[in-house]
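I opened my notebook today to look at a ligand site and some salt bridges. Come and read along with me.

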Amino acid sequence: MSHETIETLLDEDRRFPPSEAFAAAANVNDPAIYEAGEDIEAFWESHAKTFTWFEPWTKVLEWDLPFAKWFVGAKTNITVNCLDRHVEGGKADKTAFIWEGEPGDERIFTYAELLKEVCRFANALRALGVQKGDRVTLYLGMVPELAIAVLACARIGAPHSVVFGGFSPDSLRERIKDSDSKVLITGDGAWRRGGVVPLKANADIALEETPGVEHVVVVQRIGAEKAPVPMQAGRDHWWHELVADAADTCEPEVMDAEDLLFILYTSGTTGHPKGIAHTTGGYMVGTAMTHRWVFDIKDDDVYWCTADIGWVTGHSYIVYGPLANGCTSVMYEGGPDHPGKDRFWDIVERRGVTIFYTAPTAIRAFMGWGDEHPKSHDLSSLRLLGSVGEPINPEAWMWYHDTIGGGRCPIVDTWWQTETGGIMISPLPGLTTNKPGSAARALPGIHVDVVDEEGNHVDAPGGGLLVIRKPWPSMLRGIYGNPERYKDVYWSKFDGLYFAGDGAKLDEDGYYWLLGRVDDIMLVSGHNISTMEVESALVDHPAVAESAVVGRTHAVKGQAIAAFVTLMGGAEPSEEARAEIRQHVAAKIGPIGRPDDVYFAPALPKTRSGKIMRRLLRDIAEGREVGDTTTLADPGVVDTLRAQYEKHRS
Ligand code: WT7
């Protein structure tokens, strides 16, 4: 965001306090909770006590910076907290998931049914030889089996690594190899806007180079007619055949609070993704409590988080947090515009959704599609709205508030990361007076700050870099297999502080205004993609000699990907080359990596020492006045690129 945008943001003077009725009934309505959170150990211990543990902890926190252990020595199993304790505690027949398929089918699971399905598949995994500590990769669409498989892994102590179903065979292969997974769970395909994503075919390409995978389990979602899949004897198994005779009870593995629960890959500033490692006890307490506080979860709520379980939002706020709270959730398979652009509002109306959690990029798309879609449905069941993934601009905030929330629903703009495991900065809907565009304050028990380049605290009002000062239960425990990179990425910029990689402003009232990434990570539709990742996919194309990638502002996606390429001798710039290069990147990374703009240049703008001047590329991609070019080896390059921008826009 430019400096001007930030200043305009801070001029925002609309205020939205919770209604008296909402505040009075809210789970959290006493501001004393913030003071209680000052003593992190006493605070988190008091909440941890509300969970089921097989053995208690001997110490709340061991903090050997930057390595944390929470609830030291305690034993539990997160699925016992998510399932068994509700089944045994009177909620056996309460609905856990209302699942809607894209073609219009539905499946509903009570807590008792979900527990049985999880146990059956957990037994099937054990029968395949999966033991505590073995990694399992999941590559599926949003079918109930994805949630079931995640929980089944947790049941038997096998860390799961979910790879978003939109990723390419290359991305899948890299993640299977890095996690050294023994089993892959996939599907014959996934529905996406009426078409079929060929999951098993993609997986088979990846599997050519992953000798460590002994078994592949295939969920049949599409059927043999539209998605015929070859099954390799001895290696590939149909899910439905494996569970057919499996027992529906399964002894949960006894997990240490610090045993690995899952790995989830996120883009880093290098071409290689980072396997973010989360453990059992702290993650459970952190996600469940933040879910309860931020979404004000009550027993009769119907909660819907529209994320995909392939991202951390789905892990923490579709699977673990909501189930730990015994909540009823909607889970939806498909896209928001299939078959119609009112699909989400149709679901909200039919299911009586009370709490709705989505991303700013989706909200901006809805705005663009027109008010008639939400207006054609009764959205009066909604009482609370959430946003996650990137900064929400005040205009989108207001539209969400008025058009979706009917002016009566508080909005929780939740800032967090794959690495933080759970929400860190957010309004508490019964306490916070909202300012459109601000994520308000750090949650109780969470200690964030804004510092300058030297790591000094910045007084409000002021801006700088977002850091976290104290450990928190759901924090990442490291990067899988790479402790040095963990220290380097998060803990080396400032002494003793977690560096989040985001810019932020702090206003007079102690509210945070998130300003986006300060590193080479782009936020495209709220998803992390590193410029390096796209650059290496570009140079992988035989005609591309060199590339540089920058993020530019995009009205719907937040950021779009602009690629600058020089071609190999003999290759000519053309519309066909442009289309082919874009497609190549989509095939390498997945459709989310596809560049929006491709600029051809005889050479990239470089300094005389050979450093690409990204600042200038950003100026060009944004259509701004190009800054100082005096240090360029060949200033003429800028004019060539500039001319393409003009042509592109006209
Ligand atoms: C990055 C983390 C958290 C789940 C989804 C993304 C950006 C996330 C917000 C928000 C401003 C936000 C940050 C962060 N971000 N939520 N409410 N306001 N920015 O997880 O892929 O790990 O990305 O998303 O830049 O660092 P992720």
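Which residues around the ligand come nearest? I found that, of the 18 residues around the ligand, D413, T414, T418, D502 and R517 come nearest. A residue is near when one of its heavy atoms lies within 4 Å of the molecule.

**Ground rules.** I noted that this is a predicted model, where local features need pLDDT of at least 70 and side-chain atom pairs count only at pLDDT 80 or more, while totals for chains, interfaces and linings use all residues. Residues are numbered from 1 along each chain as its sequence is written, and side-chain values use heavy atoms, with hydrogens and water left out.

A polar backbone atom of T414 sits 2.7 Å from a nitrogen atom of the ligand. For P391, a polar backbone atom is 3.5 Å from a ligand nitrogen. R517 uses its side chain: a polar atom there lies 2.8 Å from an oxygen atom of the ligand. I also wrote down that the ligand taken alone exposes 550 Å², of which the protein buries 96%; the areas come from the Shrake-Rupley method with a 1.4 Å probe.

**Salt bridges.** I counted a salt bridge when a side-chain nitrogen of Lys or Arg is within 4 Å of a carboxyl oxygen of Asp or Glu. The structure holds 48 of these salt bridges. For cover, I used relative accessible area: buried is under 20%, exposed over 50%, and partly exposed in between (1.4 Å probe, protein chains only).

K94 and D299 pair at 2.7 Å, N to O. This pair links distant parts of the chain, 205 residues apart. K94 is buried at 15%, whereas D299 is exposed at 51%.

D597 and R552 have their closest N and O atoms 2.6 Å apart. They also link distant parts of the chain, with D597 in strand 30 and R552 in strand 28. D597 is buried at 2%, and R552 is buried at 11%.

K487 and E484 meet at 3.7 Å, N to O. Both lie in helix 17, 3 residues apart, about one turn of the helix. K487 is partly exposed at 33%, and E484 is exposed at 52%.

My last entry is a network of salt bridges that links E100, E106, D346, R350 and R351.

Technical notes: A polar contact is a pair of N or O atoms within 3.5 Å; within protein, one must be able to donate a hydrogen and the other to accept it, and residues adjacent in sequence count only if both atoms are side-chain atoms. Helices (H or I, at least four residues) and strands (E, at least two) are DSSP runs, numbered from the N terminus.
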